Amino acid sequence: LGTPTLAFLSLLFTSSSAAAKMPSPQSVTSGPELHSPKEPTEPQIPARGAQWASSGDAPSTHREGSRPGLGTLRRAFSRASQRASGRAPEEDPGLLRRSSRFLLRTLRRAPGHGPVADQSRATMVASGATHSQEVPSRAMDGASQQSSTGVGPEELEGKSVADLITERHLLVAFEQLRHLEMGLVAEKASRTFQEDPTGFARRAMDVCLHYDGLAAEIGAIVRETLGPDGVDVAALAELARVVRAEEEAHPEPPTDGDFLSTPRHWRQHWEDAVRESARERVQQAGVGEALGAAAEGASGLAQILAQLGSLVRRDLQKVRLEVHPAYAAAGFPAWEAYLRAFHGAVAQRLQELAHDAHGCEQLYVLLDWAANIYSSPDFLGAPDVALPSEPLPPLLAPDVWARLESDYTSFLETKIASCFDGILQLEQSRWAAAEVPDVLQGRYHSPLSMDVLMLVAEHVKAAGAISAELEATTLRICARALGLFLPRFEKAFLESEAVSEPHLGANINACEELRTNLLAKFPGSFEELEKPLVAAICVFQKRLLQDLQRDLQELCTGLRREGLVMGRTPSQKTPDSLCPQPLFRVLCTKDWLTQDVLLPLMDKVLTFARHLEHVAPSQAQETLQEVHRFVVREYLAQALKPQERFRGLDRVAGSQKMGLEAQAIGNTFQGLGSEATWLGQAIPCVADILGETYKDDIQRHLETLIASYPDIRRDHVLAILALRRLGRRRNQRLLQHAQALLRAVAKAGGSRAAGGHVLFEEIEVPTSIDVLITCL
């Protein structure tokens, strides 16, 4: 019931006490009946819906000469409510019947009114021809008398207000109600009601109830608008006109606070009905799938959201193309009202779905639908009917959105960690199957880099489609997970039986691709991973060098067993306890002067270098230079602790042999592409000092050596001088000069001043050389 109707209750208690002083009801002129002033006196049968009349209506309908009264009104309300929806709405007939019974009980309890009074009151309510003639009957022009269904004024003159409402001649019904209301206001102003306050109250109550009936019919029309029966354009236009007419008739509340002539707020009632209609429509989407959505996971939720989007799109398109034009003639903002209503209904439904969403996939489906599908410019199917972004509030409240993103990222951390576990298992299965890495575009290829890049790119792209904040969070999750994955991957691979040059090269390539691509595609997000990736590359490079060193040592051991080392016969093989042997163990021996043990070692280096051709160029170059440095370092390490010391012609021959091997080593690595040209001076300088005929030039060779390799130490200089037996005095002079040079180099920038090149620092020399030099 409307507010004016409820306000009438206070009047009942006042009028019931005054009724005891009233004259006999038979002598009081009954109040105006709610029908057209010119309608005939015979009773009117409602056009439709009479079968819903309750048995309690008999007192108001059994007389031949009476007009339809409260019973007719109740039947009209019942028909309108049941036609509007299959359930009892807020303005249901039961509520009106309860209000009527309360009204009748109040009147029966009035002092001095017995059964005769009850009968007279029924007659008073049912008949009002005399008083209806006193109500000003304003003639309606053609526009106002013409109904929405095309019925002329002559067909409507004989119908009661209840029937007019039932048949949806809303404007005509409102005009009659307005006339009756104005008559009651005039009667109140003339204080006529003092003789019959109860009759006045009943007539005022009937007006208010009929106003509420009109409001209920407005709600019914709104609820039917988007139904399967299509849009009744005439009814919508009639609705808009009657709302505008009511606003013009009741612009302000009466100054005396009377419930008559008070604004009915039908526009607000219409907006509430639009919101309720949108809510009911939205709640229908995916009702059958809602129960199974949790079991079906993301697919079930996606199906519900797809149905929701389809329904909203279909309804709003109908509003834009059919409903809005019908209201537009009356200046009704139907599009904006429906838009806000559906937006609010979708927001409510989405929050309900968010409450039950679980798992990374369901949460993402929900966030993606809200951020990308619903907010898409083409959600409604045409750019000119896109959802506006400014007037509408956020689809999800900020706290709800933050909670969803937080839950999503929590599930995402677990999922990404699980994905990295799956990548490691795939790699281990390839290692167990002894699969040789493929060569793609000239490089050893491992699926590792592609798997990681796709994993990161997929999740970051998906998160970026929702929000920049979620994208940044996903990047941090991926970076952290990859940082934890790399050490596990290194350890698992190095402990497997698949360690080989091709697999090591493939892993080096994979780490280099990750380092390059991640930093390029996601700048500012993966810088912290550069060090772990470089460290992993170094680990695999170190293992490559270790394998090469082991192969070279095994080669030296094999040569020694065959009697090629030390000039022995096969029967003089050394025991296995001497294996593996250091590289160039035969160096600076008389057997070394006549044999070529460098060639098989260089062949092994060439074989190793062929694997480096399939490694990323930068990493291959680093590895090749490291192999180059390793060979030169091991050569010098053996030369500085010789097993024999040459004299005379052997010393000159040894110097020449050392120079030739230095040239062979340099040419081999230069042919392989090594850029470590700084290594080229080390062996030749030692060879020149060993074979120098003019002893005074030895100081010049030492100066070249110290200038080229600032990491050389005093012990290394002593070991080199020990190769010549120059005499104590000369050795002391050369040593003092070398120490002065070393101090100058250290003062200029330390032992690593020459580009960070390290060679002699890793060579160990005997500590007894200093004593040996002193004793010479």
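Ser449 lies in helix H18, which covers residues 447–464; helices here are DSSP runs of H or I with at least four residues, numbered from the N terminus. This is a predicted model, in which local features need pLDDT of at least 70 and side-chain atom pairs count only at pLDDT 80 or more, while totals for chains, interfaces and linings use all residues. Residues are numbered from 1 along each chain as its sequence is written, and side-chain values use heavy atoms, with hydrogens and water left out.

**Ser449**
- With a relative accessibility of 2%, Ser449 counts as buried (buried is under 20% relative accessible area, exposed over 50%, partly exposed in between, with a 1.4 Å probe and protein chains only).
- Leaving aside neighbours within four places in sequence, Ser449 is in contact with Ala510, Glu513 and Leu514, contact being heavy atoms within 4.5 Å.

**Helix H12**
- The buried residues of H12, among them Trp266, Trp270 and Arg281, pack against helices H9, H10, H11, H14 and H15.
- Just after H12, Gly286 takes a positive phi of about 70 degrees.

**Salt bridges**
- The structure holds 28 salt bridges, each a side-chain nitrogen of Lys or Arg within 4 Å of a carboxyl oxygen of Asp or Glu.
- Arg281 and Asp315 meet in one of these at 2.8 Å, N to O, linking helix H12 to helix H14 across 34 residues, and both residues are buried.
- Glu361 and Lys415 pair at 3.2 Å, N to O; Glu361 lies in helix H16 and Lys415 in helix H17, so the pair ties together parts that are 54 residues apart in sequence.

Definitions and conventions
Helix = DSSP H or I, 4+ residues; strand = E, 2+ residues; numbered from the N terminus.
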